[in-house]
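Subject: Structure handover

Hello,

Here is the structure we spoke about. My notes on what turned up follow below it.

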Amino acid sequence: MKTIKFTHRAPMTMSLDECLKNRRSGRNFDPTRDISDDILAAILYAACGKNGENGLRTCPSTLERRAVDVYAVRADGVWHYNDKEDAIELVKEGDFRAITTYGQDFVKDAPITFAIVYDEEKGKSPEGEKMPVVWAWADAALISENIYLACAALGVSGVTRAWFDPEKTRQELGLRPSETAFLMHSVGYLKD
């Protein structure tokens, strides 16, 4: 399996107050500007990275089940973020960004779309009881907000989206049968 291990994250030095003031949804992406690996690493760390030796994530997780993960959908493939290794692992080669929408044209211009994905198997209790899906939706929304704040701190833009076909997305992105994409979050630099 092809893996990219992050060795450096772009610094996020903006205060939380400044991030909140600068957070915007952007759709007018510049298709000529890519997102560097150090910015990608910083956004993924903010989304749901490991934030200390205790193994906790930067985002809350209902009952610490970690049932929601992030995939980076880029021109070169679909990559799963492994927070324990601070790395992305190739799931499927190819450019699948266009299938993460029902027709929002700006999506193809964003260099990265983050698929925020719920895994029903991870959401089960040790006794096999399913987690209420609303809990997973809350976890997904918190991850998306962390992406927004990281984008503001790093000088890039993004927009959360829910207009896509979950079944087609599962198949095309190479997700497991127990996984369902809840949200998409397209990210890139805006045109001047």
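For charges, Lys and Arg count as positive and Asp and Glu as negative, while His and the chain ends are not counted. The place of a charge is NZ of Lys, CZ of Arg, CG of Asp or CD of Glu. On that basis the protein chain carries 25 positive and 30 negative side chains. The centres of the two sets lie 2 Å apart.

This is a predicted model: local features need pLDDT of at least 70, side-chain atom pairs count only at pLDDT 80 or more, and totals for chains, interfaces and linings use all residues. Residues are numbered from 1 along each chain as its sequence is written, and side-chain values use heavy atoms, with hydrogens and water left out.

Now the fold. The protein chain has four helices and seven strands (DSSP runs, numbered from the N terminus: H or I of at least four residues for helices, E of at least two for strands). Their order along the sequence is β-α-α-β-β-β-β-α-β-α-β. The C-alpha trace spans about 55 × 35 × 30 Å along its principal axes. Of the 192 residues, 52% are buried (under 20% relative accessible area, 1.4 Å probe, protein chains only).

Aspartate 119 counts as buried because its relative accessibility is 4%. Beyond its neighbours within four places in sequence, aspartate 119 is in contact (heavy atoms within 4.5 Å) with Ala67, Arg176, Ser178 and Glu179.

Best wishes

Conventions:
Buried means under 20% relative accessible area, exposed over 50%, partly exposed in between (1.4 Å probe, protein chains only).
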